[in-house]
Amino acid sequence: MQPRNMSMRGVVDLGAVKAASDAAAQRAARAASAPQGGADQGAGSGEFVFDLTEENFDSVLALSQQAPVVLEFSSQRSPHSIELGAVFDLLAAEYAGRFVLARLDIDATPQLAQELVMQAGVQGLPAAVAVVGGQLAPMFDRAAPTEEQLRGILDQLIAVGEQRFGLTGLAGAPGGARDGEEQDEGAEPLGDPLLAPAEEALDAGDFAGAAQAYRNVLAEYPAHTEAKLALGQVELLLRTQDVDAAAARQKAADAPTDVDAQAVVADLDIAGGHVEDAFGRMVETVRRTAGDDRNKARVHLLGLFDLVGSDDPRVIKARAALTSVLF
């Protein structure tokens, strides 16, 4: 079985690829909600609740381009998992398409479960992760939140989806876009014409060309936030797509003060969703080095902060660690 790209490249999936995959996501959404089609619903599942399988994995996860997809790891052997599942079902019905619940039964689909558990870094049940705009984000692991806490987590995911990726929810969701509806007057346009060349390059699979197109936008409009974020994400993909992960990790282990070697592994960790590992590695590299090497490690770490987002709690924590090391 081929490794799956849940991120979607981790916590920083190419948000830039969002524009390139909108059409595919819309097709997947229609297939997923149809009585028969790409994403098979489990018996008794609500309209926005899916039992994740090998067959519907891609189409269900593609819905993250319209609404946050919550991947719930479930087992009938775990009482806490069963209780949490009931709460999730209620909230999925209440939120009505503002998020999608994808339930993975680790007993019924052990091979898929093993792969996703490893990729998401899940340590035990109950656990859930989210995919927002193709971007993997942890929710909780080995400790079930209360219903009130879970509502807060979901509200944050929905807000991030709206603000960072323009997600509007599935068709029929309260406040979401519906087929045939025109955009409200004064609403922000769905696409930025400045980014069209980059999006065309992404459509063609030309990531180097997309990166250059984003640089061209930034050369004329240095404050263009979306272009800056997208450029960082595409550059991350370019840096990691041809890397031999095992060889890179061995090289980093053999040379703890080699900034370039440590940066490569940090990039792999970010792309795989292991954000805290990446930050910890680069903070430690800053601590171990001096002079130009230390500054090089610091600058790389700051670039990773930008990819994840300055308001992310892990960034805030890592910034404090970096400050402690520097001063």
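Predicted model: local features only at pLDDT ≥ 70, side-chain atom pairs only at ≥ 80, totals over all residues.
**Figure 1. Overall view of the chain.** Of its 327 residues, 46% are buried, meaning under 20% relative accessible area with a 1.4 Å probe, protein chains only. Among contacts (heavy atoms within 4.5 Å) with a separation of 6 or more, 64% join residues 24 or more positions apart.

**Figure 2. Close-up of helices α12 and α13.** Helix α12 (residues 291–308) packs on helix α13 (residues 313–326) at about 165 degrees, with axes 10 Å apart; axes are lines fitted to C-alpha atoms over the stretch in contact, and angles run from 0 to 180 degrees between N-to-C directions. The two helices are therefore roughly antiparallel, the term for angles over 145 degrees. R294, R298, L301, L302, F305 and V308 of α12 contact R314, V315, A318, R319, L322, V325 and L326 of α13. This contact has nine nonpolar, no polar and four charged residues (Ala, Val, Leu, Ile, Met, Phe, Trp, Tyr, Cys and Pro count as nonpolar, Asp, Glu, Lys and Arg as charged, the others, Gly among them, as polar).

**Figure 3. Close-up of helices α6 and α7.** Helix α6 (residues 196–203) and helix α7 (residues 207–220) pack at about 170 degrees, and their axes are 8 Å apart. That makes α6 roughly antiparallel to α7. From α6, P197, A198, A201 and L202 meet F207, G209, A210, A213 and Y214 of α7. By class, the contact comprises eight nonpolar, one polar and no charged residues.

Residues are numbered from 1 along each chain as its sequence is written, and side-chain values use heavy atoms, leaving out hydrogens and water. Local features need pLDDT of at least 70 and side-chain atom pairs count only at pLDDT 80 or more, whereas totals for chains, interfaces and linings use all residues.

Definitions and conventions
Helix = DSSP H or I, 4+ residues; strand = E, 2+ residues; numbered from the N terminus. Parallel < 35°, antiparallel > 145°, perpendicular 65-115°, else oblique. Buried < 20%, exposed > 50% of the residue type's maximum accessible area, 1.4 Å probe, protein only.
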